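Here is a short tour of the model, written to be read with the structure open beside you. It begins with one residue and its neighbours, then widens out.

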Amino acid sequence: MSNQIDRPGAALFWTADSGAAILMAAALAAGVVAAARGAPGNLLLAVGGLIAAALLRAAIQIGATDAGEIGAVCAKTSWRNRVYPRILVAAPGDRRMLGEAVADAVDRIEELGGFHARFQPLRRAAVLSPLVIAVAAAFGSWVAGAIMLATLVPFALGMALAGSAAARAAARQLDALSRLSGLFVDRVRALPVIVGFGAQDRIGRHLADATREVATRTVDVLKIAFVSSAIIEFFAALSVALVALYCGFNLLGILPFPAPEKLTLGQALFVLILAPEFYLPMRRLAAAYHDKQVGEAAVERLEAIAPPAPSRSRHP
């Protein structure tokens, strides 16, 4: 995406959140084991560690949100400096409606906020965070860690399939919304002429058709968003269930195959607590995937107003 500002701060915060989740899982597992063994001293230490890890995680998530918003503000400011001069001075022969161009310059730039504040940092964190969680889980059970890594394949395929459909739907929605905004603004400017020629009914039908098109495109986007969320949640729940079944059957000693390892209660709890955390970065990314589609579609329209400067080729 052109005009993209690379600010890794928020991504580092989200990656650090996985480290805090590991500390929480270790403290919680230690607390349960201490309670089962009747060791109040160890239980108090585990509770203190759990509270400290929870506070650390809350602070990290607040920092990630703030860093993402700062990056989004910088990106939107850069786009405004690039687009506004083109809007104020229209190029000769530009056939775009003024209202449509203004709506693109205002609304489309605002729609870039979610892309820079949420999707970009979460995309970077989703690459590293699951690996960190899987490595930590491998210290408790290397089989459970392998199960987590293996289930990344269907999860990634589901996101890719849903993302390609959502991209087309988001682009169609933005096109329809821009046409409606431009049509409304330009018709308001020409209202005296419309009333003078008695064309209110015809213009009203035009606006109604444009409004229905926006509603239809919005429903299409929502349908794809719900279906993609269902696919992702299904694979996440299935993967967590596989880890839970393995750990439970291993503790009970009823695995249908020779056990490659013998888990203790603490190890099994540690892995079970980490299993949802393994998929949390990708679920966050999936929740912000609509921001990606809207942001990329918005950039296409903004680059139609202010094309990127051509790179100069160097001659020897």
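## Starting from Met 148

Setting aside neighbours within four places in sequence, Met 148 is in contact (heavy atoms within 4.5 Å) with Ala 137, Val 243, Val 271, Leu 274, Ala 275, Phe 278 and Tyr 279. A second, separate core of twelve residues includes Val 83, Ala 105, Ile 305 and Ala 306. A nonpolar core here is a set of buried Ala, Val, Leu, Ile, Met, Phe, Trp, Tyr and Cys residues joined through side-chain atoms within 4.5 Å. Buried means under 20% relative accessible area, exposed means over 50%, and partly exposed lies in between, using a 1.4 Å probe and protein chains only.

A word on the model itself: it is predicted, so local features need pLDDT of at least 70 and side-chain atom pairs count only at pLDDT 80 or more, while totals for chains, interfaces and linings use all residues. Residues are numbered from 1 along each chain as its sequence is written, and side-chain values use heavy atoms, with hydrogens and water left out.

## The overall fold

The protein chain has ten helices and zero strands. These elements are DSSP runs numbered from the N terminus, with helices being H or I of at least four residues and strands being E of at least two. Of the 316 residues in the protein chain, 40% are buried. Among contacts between residues at least 6 apart in sequence, 87% join residues at least 24 apart.

## The largest core

Which residues have the most contacts inside the largest nonpolar core? They are Met 148 and Leu 274, in a core of 39 residues. At least two residues of this core come from each of H1, H4, helix H5 (142–150), helix H6 (152–189), helix H8 (200–252) and H9. H9 gives the largest share, eleven residues. As background, nonpolar side chains in soluble globular proteins tend to be buried together.

Ala 25 sits in helix H1 and counts as buried because its relative accessibility is 0%. Not counting residues up to four places away in sequence, Ala 25 touches Phe 270, Ile 273 and Leu 274. Ala 25 and Ala 53 are 28 residues apart in sequence, and their C-alpha atoms are 9.2 Å apart in space.

Leu 272 is in helix H9. Is Leu 272 buried or partly exposed? Leu 272 is partly exposed, with a relative accessible area of 31%. Leaving out residues up to four places away in sequence, Leu 272 touches Val 243, Ala 244 and Cys 247. Ala 146 and Ala 134 are twelve residues apart in sequence and 7.6 Å apart in space, C-alpha to C-alpha.

H8 has 53 residues, and the distance from its first C-alpha to its last is 77 Å, close to the 78 Å expected at 1.5 Å a residue. That expected span is 1.5 Å times one less than the number of residues in the helix. After H8 comes Gly 253, whose phi is positive, near 70°.

Helix H10 (residues 289–305) has 17 residues and should span 24 Å at 1.5 Å a residue; its end C-alpha atoms are 25 Å apart, which agrees. H10 is mostly covered, with twelve of its 17 residues buried. Among them are Tyr 289, Asp 291, Lys 292, Arg 301 and Ile 305.

## One cavity

The structure holds one cavity of 30 Å³ or more. A cavity is a set of points, on a 1 Å grid over the protein atoms alone, where a 1.4 Å probe fits but cannot get out; lining residues have an atom within 4 Å of a point. Grid points are joined across faces, edges and corners, and the volume is the space filled by probe spheres set on the points. The largest cavity has about 40 Å³ of space.

Its lining consists of Trp 14, Ser 18, Leu 122, Ala 125, Ser 129, Pro 281 and Arg 284. Helix H1 (9–37), helix H4 (112–140) and helix H9 (265–287) each give two or more residues to this lining, and H4 supplies the largest share, three residues.

Note on methods: On a 1 Å grid over the protein atoms alone, a cavity is a set of points where a 1.4 Å probe fits but cannot get out, and a pocket is an open set with protein on both sides within 12 Å along at least five of seven lines; lining residues have an atom within 4 Å of a point.
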